[in-house]
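This report goes through the ligand site and then the domains. The sequence and structure come first.

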Amino acid sequence: MNSERIYLSPPHMSELELELITDAFKSNWIAPLGPHVDKFEDEISNYLNVNAACALSSGTAALHLALKVLGVKENDHVLCPSLTFAASANAILYEKAIPIFVDVSKKTWTIDPEQLSVAIKKYNPKALITVDIYGQSADYDVIIEICKQNNVIVIEDAAESLGSEYKDKKCGSFGSIGILSFNGNKIITTSGGGMLVSNNQELVDKARFLSTQAREPVIHYEHKELGYNYIMSNLLAAVGRGQLQVLDQRVSDRRKIFNNYADSLSHIEGIEFMEEAEYGRMNRWLTTLLIDPNKTGITNLDIIKALKNESIESRPVWKPMHMQPLFKDYPYVSMDRGDISRFLFENGLCLPSGSNLSVKDQGRVINIILSKLKSN
Ligand SMILES: Cc1ncc(COP(=O)(O)O)c(C=O)c1O
């Protein structure tokens, strides 16, 4: 029996990180500021083609500061797709604003523009957090136009979509502010970390000020505003710089893994892989698919269990926010004829997708799924 554990999306270091982190050690910049932080911000700005960036301790911190610097206040309504990770919505509650959840499109799994229009009419929101889920870009031309006409600020949660594209632009560069995550499970990682990016230098400067305890620029410690300790350390920025150099390779590796799974399983009736929208190019952060129990005779949970028995980690698709105990009493805008976010959660599956997953291990995953299907 082959019992080596396979993780869903583990870190994948190149050799460069060690060199850069050694440089940070040798120069004694073991601090939450330093040359690697500045360079990492510049390199991300160049990669995304945006004007400015602020490296932070997490993607969640970036979302929180995005809402703050854009002026979201207590009791403001903030829209957010229901199908996302809780961090997208938690940030809204940090500011005592009210999350309004919106259903996603069945085709793209990202916020449904039709439901977005309904939600805007009904709730007159101050802002929208879009989410490029599993590396699929939301449909920005349409969304930004709707929001512009209705004076709704757009924040792009690109935590899962670094390296993805919408038309000819990189994900993370849409909206007034974009946020990235370098958490350990993301396509590139600093172990933990995030970034706030924008074309508006003032917004980024304000975020940087708040992230360093809102210390006024005088010789003593003077504070007029509530601040946070959200800044990224120079050591972690060194790791991030090494990772960024191999990002395009990581995207290509994950896309290959997706293609291998899809080539091996998509011919089976009742198995449907998440489609890439025609307007974009996904980083395929996680390979996701739907299992129709009526056609296959098994459920997504049956597959997760079969993989777990062989020490392989897989997961259901994100449990939607409107189904979460914490958020269930907030409004949810969905089509009368069906709740897509719930459907994707109830039938969806995320397969191991780490860019360091060998072809042999991909084969292990595929064979377990095939034999589970056959045994039914
Ligand atoms: C969609 C989404 N938003 C926000 C976050 C939060 O990022 P972080 O873990 O860096 O705080 C994550 C991932 O963790 C995420 O998947």
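This is a predicted model: local features need pLDDT of at least 70, side-chain atom pairs count only at pLDDT 80 or more; totals for chains, interfaces and linings use all residues.

A polar contact is a pair of N or O atoms within 3.5 Å. Asp-157 places a side-chain N or O atom 2.7 Å from a nitrogen atom of the ligand, whereas Gly-59 uses a backbone N or O atom, 2.8 Å from a ligand oxygen atom.

| Residue | Part of the residue | Ligand atom | Distance |
|---|---|---|---|
| Gly-59 | backbone | oxygen | 2.8 Å |
| Asp-157 | side chain | nitrogen | 2.7 Å |

The ligand taken alone exposes 380 Å², and 93% of that is buried by the protein.

There are 16 residues around the ligand, and the ones that come nearest are Thr-60, Asp-157, Glu-160, Ser-181 and Lys-186. Sorted by class, this shell holds eight polar, five nonpolar and three charged residues. At least two shell residues come from helix H3 (59–69), and at least two from helix H4 (86–94).

The chain as a whole is divided into two parts: domain 1 spans 16–245 and domain 2 spans 247–374. Their C-alpha centres are 25 Å apart. How many residues of each domain are in contact with the other? Domain 1 contributes 48 residues and domain 2 contributes 41. Between domain 1 and domain 2 an area of about 4,000 Å² is buried, with 63% of it given by carbon and sulfur atoms. On the domain 1 side, Trp-109, Tyr-134 and Ile-187 supply 22% of the area buried against domain 2, more than any other three residues.

Key:
Residues are numbered from 1 along each chain as its sequence is written. Side-chain values use heavy atoms; hydrogens and water are left out. A residue is near a molecule or strand if one of its heavy atoms lies within 4 Å of it. A polar contact is a pair of N or O atoms within 3.5 Å; within protein, one must be able to donate a hydrogen and the other to accept it, and residues adjacent in sequence count only if both atoms are side-chain atoms. Accessible areas come from the Shrake-Rupley method with a 1.4 Å probe; for residues, only the protein chains shown count as cover. Helices (H or I, at least four residues) and strands (E, at least two) are DSSP runs, numbered from the N terminus. Ala, Val, Leu, Ile, Met, Phe, Trp, Tyr, Cys and Pro count as nonpolar, Asp, Glu, Lys and Arg as charged, and the others, Gly among them, as polar. Domain bounds come from an automatic or database domain assignment. Contact means heavy atoms within 4.5 Å. Buried area is the accessible area (1.4 Å probe) that two parts lose on being put together, summed over both.
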